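Here is a short report on one protein model.

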Amino acid sequence: MLFSKKAKGFFVEFNDHAVMFARTSGLSAPFEVEDLRECVPNDPAALAEAIRQIQPKKSPSGYLHATVGIFPAKRLVRRHSLELKRTKEPGYFAELCSQQFRIEQDKYSIAILNANDGSDYDVAKSTQKDVIFCGLPTEDVNAIQASLLESGIYPERLELGSMAVLGGVVDYLAQAKSKSPTLVLEIGADATHSFILTAGGAEASRPIPQGLDAMVPIVQKELGLKDEESARKLFYSNTFDFTGMGPLLTKRLLKELQSSIGFYEVQTGQSVGQVLCTQLSPKLGWLDAAIATSLGIPSLKIDPAAWLQSRQISIPEVLVKVTQDVRWLGILGLMAQYNAVHAVPAEEKK
């Protein structure tokens, strides 16, 4: 056979609420998104079926070769301003990890990226002070890779889903010529990762030890339920409208968020203008509106078609509505390639 068919691209994201899949017409842009699917997490049979559907013809290796995004509980995604005169000191980065991030550097796999465009930070040059530390415990990397292989997925690239989301939002804001600083929240069971992004990059980050599970005892108390397990089932189901309780359930989280926003606004003179919650299951979608209302700012509604087009990724009409669901942002961010970074005019950065 003289001409082999163009290889398909496969992308998989594992988050707290779902395993999400995408198939594209090629490995690198320009390409078209051909299929989007999801299945419940922690269900080997459902995962095997989803892999079979996304890749009807098995690869010769027997594995689904994919770019994989993950959201491990112990992920590190922190923006920090370096002391440039200290970057070449042997113990500087280990000290930062232990004092600022409360982790042991030698137990983590860490990458340092430039906060404005996500490119690799060059320690030898040390010309830019604003960076993002991202990583996870090395033992978690090994466990995740082993688990993926066991599931029939060969990770061609393993990426923190948070970075794919943040890169996607920054690029989206740049493509849309948005001047509004955006609060991006990843609300997990035990913690919330909070970021403030603009078209010029990541401006602030903060982990908050408040997550969804902290809301369960409030549900139990307010509804007079006999135990926490009943409250948990009700909270994570879609059988009760919690909208009215939103301000009460998010009170402690909002206090922390308002503190972060206030600090950012005083430091920069810019007002945070919109909020985006990226990691909520559909049953908890009401939380996004509850947080936006309490903060007095709108939710950012992402329509990714024009942004993806600027990255030479096309979406067929039948999938356009699916991609407007913010839950797909991480996998779309995994697809986008940012070799040509949008130039942000100086007046937009002010």
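## A hairpin and its surroundings

Thr198 stands opposite Gly201 in E11. The model is a predicted one. Strand E10 covers residues 192-198, and strand E11 covers residues 201-208. The two strands run antiparallel and are joined by seven bridges. With two residues between them, E10 and E11 form a hairpin.

**Aromatic rings**

A pair of aromatic rings is described by the distance of the centres and the angle of the planes. In this structure the count comes to 10 aromatic pairs. One of them joins Tyr92 and Phe93. Their ring centres are 5.3 Å apart and their planes stand at 65 degrees, so the pair is edge-to-face. Tyr92 and Phe93 are both buried.

Tyr172 and Trp307 also form an edge-to-face pair. Here the distance is 6.4 Å centre to centre, with 85 degrees between the planes. This pair links distant parts of the chain, 135 residues apart. Tyr172 sits in helix H4 (residues 161-175), while Trp307 sits in helix H10 (residues 305-310). Tyr172 is buried, with a relative accessible area of 11%. Trp307 is buried too, at 0%.

Elsewhere, one aromatic cluster is formed by Phe235, Tyr236, Phe240, Phe242 and Trp286.

**Charged pairs**

Side chains of opposite charge can pair when their charged atoms come close. The structure holds 20 salt bridges.

Arg86 is buried, at 16% relative accessible area. Glu104 is partly exposed, with a relative accessible area of 46%.

Arg232 is partly exposed at 26% relative accessible area, and Glu229 is partly exposed at 43%.

Salt bridges also link Lys8, Arg23, Glu34, Asp35 and Arg37 in a network.

**Empty space**

Rolling a probe the size of a water molecule over the atoms shows where empty space is left. A search of the whole structure finds one cavity of 30 Å³ or more. The largest cavity holds about 50 Å³ of space. Its lining includes Asn15, His17, Met20 and Arg327. Thr278, Gln279, Leu280 and Ser281 line the largest cavity as well. The lining divides into two nonpolar residues, five polar and one charged.

Notes:
Residues numbered from 1 in each chain as written. Predicted model: local features only at pLDDT ≥ 70, side-chain atom pairs only at ≥ 80, totals over all residues. Heavy atoms only, no water. Phe/Tyr/Trp six-rings, centres within 6.5 Å; stacked < 30°, edge-to-face > 60°. Buried < 20%, exposed > 50% of the residue type's maximum accessible area, 1.4 Å probe, protein only. Helix = DSSP H or I, 4+ residues; strand = E, 2+ residues; numbered from the N terminus. Pairing = 2+ DSSP bridges. 1 Å grid on protein atoms, 1.4 Å probe; cavity = no way out; pocket = protein on both sides within 12 Å on 5 of 7 lines; lining within 4 Å. Points joined across faces, edges and corners; volume = space filled by probe spheres on them. Nonpolar A, V, L, I, M, F, W, Y, C, P; charged D, E, K, R; others polar. Salt bridge = Lys/Arg side-chain N within 4 Å of Asp/Glu carboxyl O.
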